[in-house]
Amino acid sequence: MSAERFGGLRARIAAEAARLMVEEGVDQYFTAKRIAAKRLLGQVEGRRARCRPADLPSNGEIREALLLFVERAEGSGRTRRLFALRIVALEAMRALAPFSPRLIGSVSTGHIRRGSDIDLHVFPADEEALERHVRALGWAFDRERVTIQKGGEIREYLHYHVADVAPIELTVYAPRELRARPRSSTDGKPIVRLGVAALSALCARDHPAAWARYLETGEVEGMDALLEADEEAPLPGPFDGLLDDGAEGEDEPACAEPGEEDDPDQAYDPLPGFEGVV
């Protein structure tokens, strides 16, 4: 019974937790998995059964269930929108070149959903210079300072929320943190951080025909789908950001928080296949 319980029940809990997060707005993996378990176990022979820790899926398993849920809901248009989002990110990064921008999150990994935004890390030596640069670009933006506690230490991060074809969020870091190794609390792996060259190589690999067309004509396949998705996207809700690699876990909000770096002097592990490209 244990093998069946570990596999079948665990997968069912993950699927139900994903559904709860998308359809009912549950905003934490911790909460979603426990509500899902309670609902499913409450149906066993009409009695409420106890849930063992081994029955509960990991945050990573729930995230995979979320990806499957979104894939089924959105269909083939998702690939075209992903390419368009990557091009919007690429052009924004080129405009922010003096500040060593890096793309993270769902647009880099490909795990987008309807309403996904573009998350960029920037590393200015002077925060005021960055703001002057963004203003000079003519971008409409809101500025926000967020204070969080990490490892018993209070940290403050500056964010710029930029209105574009797709929303862009800039998170500001010190230049010394450029080579840090942010890790996902979902699976513990280094968060993918892509520079301009690496993102270009990724577009060429994952979207060869659309990339060639973009280089030749400047036309972005999927932009119409992106604009349509933007018009139809719901207002920001409690499960925004659930598919980002930095999604938080047990006691934390599901949306990503900055500052999960290890030793800033450590070398960063790039996306496999792009080790020599930054």
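Trainee: How many helices and strands does the protein chain have?
Mentor: There are 9 helices and 5 strands in the protein chain. Keep in mind that this is a predicted model.

Trainee: And what pattern do they follow along the sequence?
Mentor: Going along the sequence, you get α-α-α-α-β-α-β-α-β-β-β-α-α-α.

Trainee: What share of the residues count as buried?
Mentor: The chain has 278 residues, and 46% of them count as buried.

Trainee: What about contacts between residues at least 6 apart in sequence, how many of those join residues at least 24 apart?
Mentor: That comes to 68% of them.

Trainee: OK, on to α8. Which residues are buried there?
Mentor: Helix α8 runs over residues 208–217, and its buried residues are A210, W211 and Y214. They sit on the same side of α8, because the arc they cover around the axis is only 100 degrees.

Trainee: So which ones are exposed on the other side?
Mentor: P208, A209, E216 and T217 are the exposed ones over there.

Trainee: What do the buried residues of α8 pack against?
Mentor: Two helices: α4, which is 77–95, and α7, which is 196–206.

Trainee: What happens just after α8?
Mentor: G218 comes there, with a positive phi of about 80 degrees.

Trainee: Back to the packing with α4. At what angle do α4 and α8 pack, and how far apart are their axes?
Mentor: The angle is about 45 degrees, and the axes of α4 and α8 are 11 Å apart. An angle like that makes α4 oblique to α8.

Trainee: Left-handed or right-handed crossing?
Mentor: Right-handed, as α4 passes α8.

Trainee: Which residues meet in that contact?
Mentor: From α4 you have F83, I87, L90, E91 and R94, and they meet A210, W211 and Y214 in α8. By type, the contact of α4 with α8 divides into 6 nonpolar residues, 2 charged and no polar.

How values were computed
Residues are numbered from 1 along each chain as its sequence is written. This is a predicted model: local features need pLDDT of at least 70, side-chain atom pairs count only at pLDDT 80 or more; totals for chains, interfaces and linings use all residues. Side-chain values use heavy atoms; hydrogens and water are left out. Buried means under 20% relative accessible area, exposed over 50%, partly exposed in between (1.4 Å probe, protein chains only). Helices (H or I, at least four residues) and strands (E, at least two) are DSSP runs, numbered from the N terminus. The arc is that of the directions from the helix axis to the C-beta atoms. Contact means heavy atoms within 4.5 Å. Axes are lines fitted to C-alpha atoms, for helices over the stretch in contact, and angles run from 0 to 180 degrees between N-to-C directions. Angles under 35 degrees count as roughly parallel, over 145 as roughly antiparallel, 65 to 115 as roughly perpendicular and the rest as oblique. A crossing is left-handed if the near helix is turned anticlockwise from the far one by less than a right angle, and right-handed if clockwise. Ala, Val, Leu, Ile, Met, Phe, Trp, Tyr, Cys and Pro count as nonpolar, Asp, Glu, Lys and Arg as charged, and the others, Gly among them, as polar.
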